[in-house]
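Here are a few exercises to work through with the model open beside you. Try each task before you read its solution.

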Protein chains: 2
Amino acid sequence: MTDTQLMDKLVSLAKRRGFVFQSSEIYGGLGSVWDYGPLGVELKKNLKERWWRSMVHERGDIEGLDAAILMHARVWEASGHVEGFTDPLVDCRTCKARFRADQLDQFQCPQKPSKHPGEANQCDLTEPRMFNLMFKTFMGPVEEDAAVVYLRPETAQGIYVNYLNVMQAARQKIPFGIAQVGKAFRNEITPGNFIFRTREFEQMEMQFFVRPDEDERWFDEWKEARMQWHLGLGIRAEKLRFHEHAPDELAHYAKKAFDIEYEFPFGWHEFEGIHNRTDFDLSRHQEFSGKKLEYMDPATRERFVPYIIETSLGADRLALVVLVDAYREEEVEGELRVVLGLAPALAPIKAGIYPLVKKDGMPEVARRINDDLRRRFPVFCDDGGSIGRRYRRQDEAGTPFGITVDGQTLEDQTVTVRDRDTLVQERVHADQLVTYLEERLAP
Amino acid sequence: MTDTQLMDKLVSLAKRRGFVFQSSEIYGGLGSVWDYGPLGVELKKNLKERWWRSMVHERGDIEGLDAAILMHARVWEASGHVEGFTDPLVDCRTCKARFRADQLDQFQCPQKPSKHPGEANQCDLTEPRMFNLMFKTFMGPVEEDAAVVYLRPETAQGIYVNYLNVMQAARQKIPFGIAQVGKAFRNEITPGNFIFRTREFEQMEMQFFVRPDEDERWFDEWKEARMQWHLGLGIRAEKLRFHEHAPDELAHYAKKAFDIEYEFPFGWHEFEGIHNRTDFDLSRHQEFSGKKLEYMDPATRERFVPYIIETSLGADRLALVVLVDAYREEEVEGELRVVLGLAPALAPIKAGIYPLVKKDGMPEVARRINDDLRRRFPVFCDDGGSIGRRYRRQDEAGTPFGITVDGQTLEDQTVTVRDRDTLVQERVHADQLVTYLEERLAP
């Protein structure tokens with residue numbers, strides 16, 4: 001199986017089992033925008049919920065926030081996005097196509113697809129022009145400059161402009177952090193690779209406010225903590241690595257930056273970044289808003305603008321990491337089966353429930369078990385087709401357990417519980433199912 | 001206390017305790033856009049989670065979905081929004097202000113604020129012009145008509161265009177539903193009343209697909225179920241009522257519509273709608289996309305375009321209902337106290353933990369209890385100020401229980417647990433706290 005085949009198969013499985021659909025598919029689709037189906041929404045909820053629990057609920061020093069997507073336009077002047085969040089674009093005077101000037105070798109010439117537009121005699125290219133990646137819209141009833149607002153290109157700024165309000169309301173002292181999950185938008189000219197690079201995406205960000213002289217210690221702590229968190233999801237260690245930004249890769253605000261990369265079928269790519277953003281953002285907001293954003297240390301009476309250590313994780317990218325990492329094909333009893341080996345805590349459906357045959361009262365017993373279990377966890381009752389086909393469908397959905405109601409169930413109230421990965425089947429009393437599953441689903 | 005005072009007090013409490021902040025406040029704020037602070041995000045999460053559980057997890061006939069905010073522009077032609085989602089606006093030639101032509105009596109004349117712009121001799125108004133309420137932006141690097149996309153003005157259409165994909169992937173048959181929580185955007189000219197009417201808002205919608213001849217039965221069932229759900233949150237029954245849309249109030253797609261209204265300080269207003277949308281939406285998408293969206297009944301082989309019963313709930317409005325309904329002021333031992341009497345299952349923080357004094361090892365015991373409890377539920381440890389002030393702060397935050405570590409704790413490991421509403425204090429052994437709280441926090 002080549003890497004391209006793997007991605008094609010994953011996209012196909014994602015649609016077939018209801019993880020991800022193309023947006024507006026009946027209208028031919030909208031470029032690089034995707035919708036999460038019944039299983040995708042549960043997978044993403046499980047990931048976000050786990051992140052929120054570890055960041056906000058299980059710690060005393062991080063507060064949650066949910067800032068709006070629309071913000072005052074001055075925010076993006078202060079952050080540098082209005083001026084600097086741009087790509088250089090060139091047009092071809094012959095074929096009228098548009099390309100990123102710094103990535104010509106990643107495009108095909110529309111007239112000779114075997115060639116790149118940058119090659120000699122291929123295209124008659126204009127000089128590069130800078131194009132801003134922010135989506136622009138207008139608030140209020142008049143389309144005039146005064147009312148321009150942008151869809152936020154990152155969630156971080158919503159945290160920075162609220163930092164004083166959060167700190168005061170939550171009675172926090174430095175060091176402390178603010179965590180947020182939310183949508184951001186970038187008008188990318190080269191999106192792609194399924195849900196890896198999309199124009200609408202979701203971020204899980206935590207901004208940690210520290211004393212300037214403690215930035216390096218906190219940077220190292222968060223860098224390690226984030227890698228451990230991903231390993232805790234069950235992602236294979238050999239597919240994860242750090243990549244440190246060289247001086248010429250660093251963003252204008254960053255003193256130090258490490259990416260956490262995963263080896264996708266299309267190469268090693270970043271899905272979380274840990275950044276030392278220094279006091280750049282708060283200093284700029286202080287300058288542009290005219291509001292003091294300094295912190296006064298209650299012990300030393302010292303005043304300073306805090307440094308910020310950011311952990312910025314793409315929720316869609318993480319979902320893709322988890323799906324790619326879980327996908328496998330294997331031969332079982334001479335047949336190929338496709339399995340999503342998701343960690344039980346992340347699986348959208350925790351157990352499939354199957355009456356062996358559609359008679360002798362088995363469907364009714366299965367239905368009762370289903371009604372009982374679904375008060376605790378998402379389960380799915382399926383009586384369609386052979387038991388083998390039903391197992392296969394749930395293997396593809398990543399469902400870790402399969403509960404079968406058979407002839408013996410009617411005599412002694414035991415069912416078989418099949419383990420997705422080992423294929424071992426155990427007989428368990430129906431009354432013990434909640435306990436049995438709870439033990440195996442714990443995070 | 002007048003109704004205006006109540007809203008002012010609630011907005012002030014919301015900021016002070018970290019429920020809701022004005023967006024981009026340090027830049028003077030962005031009109032009618034709000035950010036949820038540490039407590040607000042938890043309250044809203046609890047509401048959304050409870051809705052999701054009751055709609056998706058506890059039923060077998062409703063699937064979840066998370067469609068993107070950006071959709072193909074044709075979606076909004078089919079839905080009727082491009083043509084018809086408009087307000088009539090008039091300009092004043094003298095003072096250059098702009099008003100809604102159908103609501104002139106709700107505006108003040110900028111030159112004579114005691115008058116409305118529609119009154120005789122007040123303003124020199126233009127003829128009304130229709131203004132579309134959708135936020136428009138451009139996808140891809142060129143601002144040309146072909147690339148226009150809209151921020152969705154409702155989440156429903158994301159469900160309709162995905163209905164076949166969801167039904168097939170999830171192996172559902174009619175009747176079944178699709179549930180979704182997500183943001184929508186309307187460029188309202190008269191937003192207001194805090195988080196009641198905002199330009200960016202979150203909806204919790206469920207669209208239930210039924211046989212055309214079963215629409216009335218399902219409409220009645222959902223209408224009752226939704227009212228019961230709100231009563232289950234602990235909202236006062238006398239503050240809730242149905243309002244049936246008269247024929248001249250019905251939307252173009254609706255055969256029947258009931259609002260669930262709450263008596264806010266600014267009057268009775270809708271926060272959830274139950275609508276019989278007939279086959280309008282699916283028929284239009286069938287027509288505009290050229291894709292068959294019919295359902296074939298597997299039993300009768302009959303083909304039809306399903307009718308849709310919609311339950312559409314505003315998440316921000318529901319949060320406001322819950323806050324308004326919980327707010328009370330009362331005299332306790334000669335002092336005024338402000339209490340948010342939130343149902344324990346909805347409260348952002350479940351328990352405050354207080355060392356009586358900052359010595360004798362009490363802070364350390366409190367910290368240990370805090371670390372132990374926060375693995376189960378959000379708690380907050382506070383050692384700042386008198387115990388009375390600490391209780392008051394958590395009363396305002398809606399925290400149902402207060403756990404105090406005192407001298408006796410050091411001897412026999414019991415703490416006092418104070419009930420926010422009754423003020424009764426019980427002594428409970430520290431080892432029993434999880435069980436004690438779990439019993440009282442159950443939904």
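**Exercise 1: a helix and its chain**

Helix α11 of chain A (residues 387–397) has these buried residues: R390(A), Y391(A), R393(A), Q394(A), D395(A), E396(A) and A397(A). Buried here is under 20% relative accessible area, exposed is over 50% and partly exposed is in between, with a 1.4 Å probe and protein chains only. Helices (H or I, at least four residues) and strands (E, at least two) are DSSP runs numbered from the N terminus.

A word on the ground rules: this is a predicted model, where local features need pLDDT of at least 70 and side-chain atom pairs count only at pLDDT 80 or more, while totals for chains, interfaces and linings use all residues. Residues are numbered from 1 along each chain as its sequence is written, chains are lettered from A and ligands numbered from 1 in the order in which they are written, and side-chain values use heavy atoms, with hydrogens and water left out.

*Solution.* Step two: chain A has 13 helices and 23 strands. Step three: 59% of its 443 residues count as buried. Step four: the C-alpha atoms of chain A fill a box of roughly 75 × 70 × 50 Å along the principal axes.

**Exercise 2: an asparagine in a loop**

*Task.* Work out whether N162(A) is buried or exposed, and which residues it is in contact with beyond four places in sequence.

*Solution.* Start with the location: N162(A) sits in the loop between α5 (156–161) and α6 (163–169) of chain A. Its relative accessible area is 1%, so N162(A) is buried. Next, follow the side chain of N162(A), which reaches the backbone oxygen of G158(A) at 2.9 Å. Finally, list the contacts (heavy atoms within 4.5 Å): leaving aside neighbours within four places, N162(A) meets L65(A) and A67(A), plus F21(B) and D35(B) from chain B.

**Exercise 3: a leucine in chain B**

*Solution.* With 21% relative accessibility, L164(B) counts as partly exposed. Now check a C-alpha distance: L164(B) and Y295(B) are 131 residues apart along the chain, yet 8.8 Å separates them.

**Exercise 4: where the chains meet**

*Task.* Describe the contact of chain B with chain A, then find how the two chains are related.

*Solution.* First, the size: 81 residues from chain B and 81 residues from chain A take part. The buried area (accessible area lost by two parts on being put together, 1.4 Å probe, summed over both) is about 6,800 Å², with carbon and sulfur atoms giving 58%.

Second, the charges: there are two salt bridges between the chains, a salt bridge being a side-chain nitrogen of Lys or Arg within 4 Å of a carboxyl oxygen of Asp or Glu. K45(A) forms one with E49(B), with the closest N and O atoms 3.0 Å apart. Helix α2 (residues 38–57) of chain B gives the most to its side of the contact, with eight residues.

Third, the symmetry: a rotation of 180 degrees with 0.0 Å of shift along its axis superposes chain B on chain A, RMSD 0.0 Å. That's the relation of a two-fold axis. Of the residues of chain B, T137(B) comes closest to the rotation axis, at 2.6 Å (C-alpha). And 100% of the interface residues of chain B are also interface residues in chain A, so the copies meet through the same surface.

Methods
Least-squares fit on C-alpha atoms with pLDDT ≥ 70 in both. Polar contact = N/O pair within 3.5 Å; in protein donor to acceptor, adjacent residues only side chain to side chain.
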